[in-house]
Amino acid sequence: MKISSFKPSRIASAVLFASTLGAASMAQAVDLNLVLLANEQDEEYDAALVFENYVESRTDGEVNVNIFVGPQLCGSANECFEAMQAGIVDLFTATAGGVAGIYPPIQGMDIPYTFPDDRTAMGMLSDPQLTDYLRGEILESTGNGIRLMTMTQTGGWRNFANAEHEIRSPADVEGLRFRTIESEIQQRLVREMGGSPTPLPWLEVYTGLQTGVVDGTKNSISDITNMNFQEVLQYITLDGHAYMASMWLMGNQKFESLSPEQQRIVADASALMGVVQFGMQPRKELEAYAAWQESGGELYTPTEEEMEQFRSYAAPIKDWYLEQYGEQGQEFLTELEAARDRAAERVETDRESALR
């Protein structure tokens, strides 16, 4: 796999760092280097701590987990995947936008308004059939190099937040400059609504908002307050145009080097990480919304009629996606939509039972 952003100097330093750390570990222990590019306030860190405790306690110290927060072993999704292939990073978490670097069709998860509600979204991402399908696809696309362990979410729902005025309909996006990631799907949504998508690195967003390089951003409430964006933003519209899917992945060579019992423990611990992230996000949102309101920020929840206007922008973006990814993209969307139908059916069955 060729990734242009791979930096040998960073990886060489990572080799020295990882080997030094490993030498200090138990002589017989297997080291697993786990990387997350978020900070210790993120739910991914909570999940990593649970993974560490589960694996080390269940293997009686035979497997040692080293958690690296931030850009210590790699600085971007592409670099981290390259480091996984090199055997330096063993576990790494990325959003669908990041995973697109090794499996492009997964960008279909970011087609606007694909996920209908919290319970259905959780059911989709924890659907065994969808997970099994994607595990096979990612293994194939990486030459059997990277294994999907579990899917979950990080950050909750993306919404439109800006410093200029309240957004009640897609027409209110016109003329606003929104920070986006380097994702054509996310940029296309802003462009279709008449706004200007402006890619900015995450750590430059605050300054970009402060100086007027961008007027707003498309993020979850917890992402916004974790970075203190409430200091430079005024309005959030809760349109929920994307649910921030997250995947924990593992270097397949390292996974296959483990004993069958260790593989089972690592697989179970990975699944537990997904559960932790699903549960931590709603809890973190309580403090995030409180911080937003304390800053004087305003929230707007669109009416159902207004939401229909927002959802109408999904169709042309889906058409573009299918033009780009053809048969492979259609296959992915078929699997994703089938998972949505199964999840919705499970939710409705459980709801009916609870309401008897």
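The model is a predicted one, in which local features need pLDDT of at least 70 and side-chain atom pairs count only at pLDDT 80 or more, while totals for chains, interfaces and linings use all residues. Residues are numbered from 1 along each chain as its sequence is written, and side-chain values use heavy atoms, with hydrogens and water left out. Helices (H or I, at least four residues) and strands (E, at least two) are DSSP runs, numbered from the N terminus.

**Strand 1 and its partners**

- Strand 1, residues 30–36, is mostly covered, with six of its seven residues buried (buried means under 20% relative accessible area, exposed over 50% and partly exposed in between, with a 1.4 Å probe and protein chains only).
- Strand 2, residues 63–69, runs parallel to strand 1 and is joined to it by seven bridges, and within this pairing D31 has N64 as its bridge partner; two strands pair if DSSP finds at least two bridges between them.
- Strand 3, residues 91–95, also pairs with strand 1 in the parallel sense, over two bridges, and here L34 stands opposite L91.
- Together with helix 2 (residues 43–58), strands 1 and 2 make a right-handed β-α-β unit, right-handed meaning that, with the strands pointing away from the viewer, the path from the first strand over the helix to the second runs clockwise.

**Helix 6**

- Helix 6 comprises 14 residues, 128–141, and reaches 20 Å from its first C-alpha to its last, close to the 20 Å expected at 1.5 Å a residue; the expected span is 1.5 Å times one less than the number of residues.
- The buried residues of helix 6 are L130, T131, Y133, L134, E137, I138 and L139, and these pack against helix 4, helix 5, strand 4 (146–162), strand 8, helix 10 (252–257) and helix 13 (314–354), where contact means heavy atoms within 4.5 Å.
- At the start of helix 6, the backbone nitrogen of Q129 has a side-chain oxygen of D127 within 3.1 Å.
- After helix 6 comes G143, with a positive phi near 60 degrees.

**Positive phi in two loop residues**

- Most residues other than glycine have a negative phi.
- Y113, although not a glycine, has a positive phi of about 65 degrees; this residue lies in the loop between helix 4 (96–99) and helix 5 (118–125), and counts as buried because its relative accessibility is 14%.
- N228 has a positive phi near 60 degrees and is placed in the loop between helix 9 (221–226) and strand 8 (235–251); with 35% relative accessibility, N228 counts as partly exposed.

Notes:
A polar contact is a pair of N or O atoms within 3.5 Å; within protein, one must be able to donate a hydrogen and the other to accept it, and residues adjacent in sequence count only if both atoms are side-chain atoms.
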